[in-house]
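Dear colleague,

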Amino acid sequence: MADLSIDFAGIKSPNPFWLASAPPTNTGYQVQRAFEAGWGGAVWKTLGEPVINTSARFAAVHFGGQRVAGFNNIELITDRPLEVNLKEIYETKRRFPDHTIIASLMVEPKREKWHEIVKRVEAIGVDGLELNFGCPHGMAERGMGAASGQQPDLVQAQTAWVKEVATTPVIVKLTPNITDITVVARHAVKGGADAISLINTINSLAGVDIHSWNTIPNVGGQGAHGGYCGPAVKPIALSMVAECARDREVGVPISGIGGISTWQDVVEFMLMGSTGIQVCTAVMHHGFRIVEEMIDGLNHYLDEKGLASVTELIGKSVPRYSNWGDLDLNYQVVARINEENCINCNKCHIACEDASHQCIDMLTNAEGKAILQVREEDCVGCNLCSIVCPADGAIDMIALEGGAAPMSWNQRSRIISGVNGSYSEAEVG
Amino acid sequence: MSAFAEFDRERQEIDNLVGLGYNVAGIYEDLDGARVTFIRREPAGGPVELLLLTADARKHVTTLLVGGSRQAAAEIHR
């Protein structure tokens, strides 16, 4: 059995599975039940001046029979006084001293406000702080959350104010509602952040009821933008984690967040540079006990890979994440259809005809059976046919061997500049 | 005509010129494709200009140049 424990910027945790700051970490009752179920840590629902929440708060996007493909909320931070939360944090830490409790914090962007809350929260005994610069709704209208997180200089300043008094590691939680998340990440680090966590939720409107014309959700017939999360956002989160992980000016541990629902998702986020991960929507959908399957799955995976520690996964795929301009233009894959597995539904043919390069022919073989066949010389290897194919093993994407030497777009651009810049002709062959 | 056939026709034009001893003297890419100028030193020939329309032919001609650069670099290090 592999060692699942992690050290996240000096914060020890029995495993990489943390609950994100959200409704499942609202109370001591919930967090203690989560720890009993197996979660290694919890980021307490954001503390700050208590708010008043609306009813309704949540909405989901169901797609193709999959319930909660995406999840939308307009709930804000804690609606309970700080002392009530601190008392429950204290009790929870006393019962579970080896589990990780991080306090998520959000106050107005004023130095004295940050100093006050940091001192009061750390006095109760937490393992670290997470600065919520990401909440996209409600708090942002008051200059907090994403409104702070979208201003790199404000992220840097507030992080620095926190670091002036903090005695535990400081994690800065980043908003995805920005053009380049690495800019904010770098400013967090300049402000002294010990780690970053990403992503917070994405600006969203879950839907419009086409019968009542109300927004989904709505509060007495009025709606407002909320934060989107759940499986649908995972690719966006993974990309942003990867961008931060490969940015040398960021260079701090990453807590990966965004649509993580399975142990496989956890592996992906860790391979792409996360030291640990946080989960919310999957727990809101299925409950705390999903962590049991995540732990079992991760353990089996690590054993199969012959890895002694989960930390051996961290960042292993980062060097494989590059810029488009450095990809090899001469690498070539083509589709091959396996007749024995093909069910002749023609979806690949339709997709190729209508949306790609018209290279899948509908033919009749020697036995008079209808078959689909790829003209490989015309196939650009786009993958679309294999994506839409509903039959396992019916289409393989095959890498062609013995092609031309590797050449990227950037190499090509340089060589063209070289040719055009010289007065003598360039040698070829 | 299939995309491959269009590419193959352009590739043959490139390879024919290279086979006759022509080298690439310039590549200018614009909205209409790539205008590639070939000239030959011995015996003097050209310039000959090809307008390459297909992506694969535009890739092919620069792959030849990248190959040439690598070959030259390898010879320098010998």
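What follows is an account of what was found, beginning with the conventions and then taking the two chains in turn.

This is a predicted model, in which local features need pLDDT of at least 70 and side-chain atom pairs count only at pLDDT 80 or more, while totals for chains, interfaces and linings use all residues. Residues are numbered from 1 along each chain as its sequence is written, chains are lettered from A and ligands numbered from 1 in the order in which they are written, and side-chain values use heavy atoms, with hydrogens and water left out.

Chain B comes first. Its secondary structure consists of 2 helices and 3 strands (DSSP runs numbered from the N terminus, H or I of at least four residues for helices and E of at least two for strands), and from the N terminus the elements follow the order α-β-β-β-α. The 3 strands form an open antiparallel sheet in the order S1-S2-S3, where two strands pair if DSSP finds at least two bridges between them. Strand S1 (23–30) and strand S3 (45–52) of chain B are the edge strands, each pairing on one side only, and neighbouring strands are turned by 15° against each other on average, direction ignored. Strand S2 (residues 33–40) of chain B is joined to S3(B) by 6 bridges, and B:Phe38 stands opposite B:Val48 in S3(B). Helix H1 (residues 3–19) of chain B packs on this sheet, touching S2 and S3 of chain B, and its direction makes about 165° with that of S3(B); contact here means heavy atoms within 4.5 Å, and angles run from 0 to 180 degrees between N-to-C directions, with axes as lines fitted to C-alpha atoms, for helices over the stretch in contact. The peptide bond from B:Glu42 to B:Pro43 is cis, with omega near -15°, and B:Pro43 is placed in the loop between S2 and S3 of chain B.

In chain A, two helix pairs deserve a look. The axes of helix H5 (residues 152–165) and helix H6 (residues 181–190) of chain A come within 7 Å and cross at roughly 25°, and H5(A) and H6(A) are therefore roughly parallel (angles under 35 degrees count as roughly parallel, over 145 as roughly antiparallel, 65 to 115 as roughly perpendicular and the rest as oblique). Helix H8 (residues 263–271) and helix H10 (residues 290–305) of chain A pack at about 60°, with their axes 8 Å apart, which makes H8(A) oblique to H10(A). In this second pair A:Trp263, A:Val266, A:Val267 and A:Leu271 of H8(A) meet A:Glu293, A:Met294, A:Gly297, A:Leu298 and A:Tyr301 of H10(A).

Strand S17 (residues 333–337) of chain A has 4 of its 5 residues buried, so it is largely enclosed by the rest of the structure (buried means under 20% relative accessible area, exposed over 50% and partly exposed in between, with a 1.4 Å probe and protein chains only). This strand runs antiparallel to strand S20 (residues 395–399) of chain A, with 5 bridges between them, and A:Ile337 stands opposite A:Ile395 in S20(A).

A cis peptide bond joins A:Leu198 and A:Ile199, with omega about 10°. A:Val68, in strand S6 (residues 66–73) of chain A, has a positive phi of about 55° although it is not a glycine, and this residue is buried at a relative accessible area of 11%.

With best wishes
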